[in-house]
Amino acid sequence: MFDILGITFPIFATIALGYAAVRFGVFAQSDMKILGKYVLNIALPALLCAAVARRDLAEVLQFNYALVFALGGVATFALVYLALLAQGTGPARRAIGAMGSCCPNSAYVGYPVMLMILPDQAGIVLALNFLVENFLLIPLGLMFLESARDTGEKNKLRMLGRLFLSILKRPMFIGLLSGLALLVLDVELPSAAFRLLDMLAASASALALVMIGGSLVGLPLRGEMTLAVQILIGKLFVNPAMVMLAAVALPMLGMPALSPEMWLAAVMSAAMPMLVLYVVFAQEYGHEGIASIALLAATVGAFFTLSSLLFLLT
């Protein structure tokens, strides 16, 4: 168990350090946005480009992993949505609950954890998770949120079109495509270029965790506690369980089973707390309090659930 804590303690201690740094005035809340922009727009794109460019194509195009992660996320969304519907929860809050339960924070929390437990696969796992989350899980949640507004089909399609266009313009997606192009075209970058990408990538993990901790300061913690707890359960327990079931069912669908490393990566990725932008999405619909409580509780609770999962699975 001490070996497991040796993995999870540094991760969550760094998050706590970020929280304390903002709470006691070492950094301002606005500084966290700058750190987040650096990680998303410079460090992680460099990481994705280098990670993909150095691999074989078969290692990058692991459709079985993406399918498991996607099926587990969609199943979680459906289960939580139906459970909240059965309780008579309103449509916007149902969508908030389901989205929070299936959208993990792979960039800011997932990657640092993967770097500790599966360093050789961490970059590829981040790339695959990025694609599933940004092209399926997040749009799914936003589509249901827009449905709660009853704005009409044309507005929903316009919203999804803007969302997909913004994803294509993101530096992380451009970094991923650049690495894939180098791989497919068999272009070998000079060693100095790889050293530059590695140097930038190395800065991602610690800064991402500090940013997560600092972003938790000052969240509007007023909302329906019962729903927040249900979102917490959905994210930390239901989502990894659904991904685990999808991984077990994969051979039954006639597809190759995941390797032990990628099986562990899929389950652990699903067990991460929800993405920080979750609160921003919820704020547009007046439910930032519920999302903030769920995010804070899931981030704290993930220390215990991730430690327990690692103990059981390794």
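Student: How far is the sulfur of Cys103 from the closest cysteine sulfur?

Tutor: This is a predicted model, by the way. A disulfide needs two cysteine sulfur atoms within 2.5 Å. The closest cysteine sulfur to that of Cys103 is in Cys102, and the gap is too far for a bond: 3.9 Å.

Student: And how many disulfides does a search of the whole structure find?

Tutor: A disulfide is a covalent bond between the sulfur atoms of two cysteines. Searching the whole structure for such pairs gives a count of zero.

Student: Is Cys103 buried or exposed?

Tutor: Buried means under 20% relative accessible area. Cys103 has a relative accessible area of 1%, so Cys103 is buried.

Student: What about Cys49, buried or exposed?

Tutor: The cut-off for buried is under 20%. Cys49 has a relative accessible area of 9%, so the word for Cys49 is buried.

Student: Let's go to helix 11. How many of its twelve residues are buried?

Tutor: The buried ones include Ala204, Leu209 and Met211. Helix 1, helix 2 and helix 15 are among the elements that cover the buried residues. Helix 11 is largely enclosed by the rest of the structure, because the number of its twelve residues that are buried is ten.

Student: How far apart are the end C-alpha atoms of helix 11?

Tutor: Helix 11 covers residues 204-215, which is twelve residues. At 1.5 Å a residue, they should span 16 Å. The end C-alpha atoms agree with that, being apart by 16 Å.

Student: Which residues does Arg94 touch, not counting those up to four places away in sequence?

Tutor: Arg94 sits in helix 5, residues 91-102. Its relative accessible area is 12%, so Arg94 is buried. Leaving out residues up to four places away in sequence, Arg94 touches Tyr81, Leu84, Leu85 and Thr89.

Student: Now Leu140: which residues does it touch, with the ones up to four places away in sequence not counted?

Tutor: Leu140 is part of helix 7, residues 122-149. With 17% relative accessibility, Leu140 counts as buried. Not counting residues up to four places away in sequence, Leu140 touches Val74 and Phe77.

Student: How far apart in space are Leu140 and Gln62?

Tutor: In sequence, Leu140 and Gln62 are 78 residues apart. In space, C-alpha to C-alpha, the distance between Leu140 and Gln62 is 22 Å.

Student: One more: how much accessible area does the nonpolar patch with Leu57 have together?

Tutor: Leu57 is in helix 3, residues 57-60, and is partly exposed at 39% relative accessible area. The patch on the surface is formed by Leu57, Leu61, Phe63, Val184, Leu185 and Val187. Together their accessible area is about 590 Å².

Key
Residues numbered from 1 in each chain as written. Predicted model: local features only at pLDDT ≥ 70, side-chain atom pairs only at ≥ 80, totals over all residues. Heavy atoms only, no water. Buried < 20%, exposed > 50% of the residue type's maximum accessible area, 1.4 Å probe, protein only. Patch = residues over 30% accessible without salt bridge, like charges linked within 9 Å, V, L, I, M, F, W, Y side chains within 5 Å. Areas by Shrake-Rupley, 256 points an atom, 1.4 Å probe, with all protein chains shown as cover. Salt bridge = Lys/Arg side-chain N within 4 Å of Asp/Glu carboxyl O. Helix = DSSP H or I, 4+ residues; strand = E, 2+ residues; numbered from the N terminus. Expected span 1.5 Å × (residues − 1). Contact = heavy atoms within 4.5 Å.
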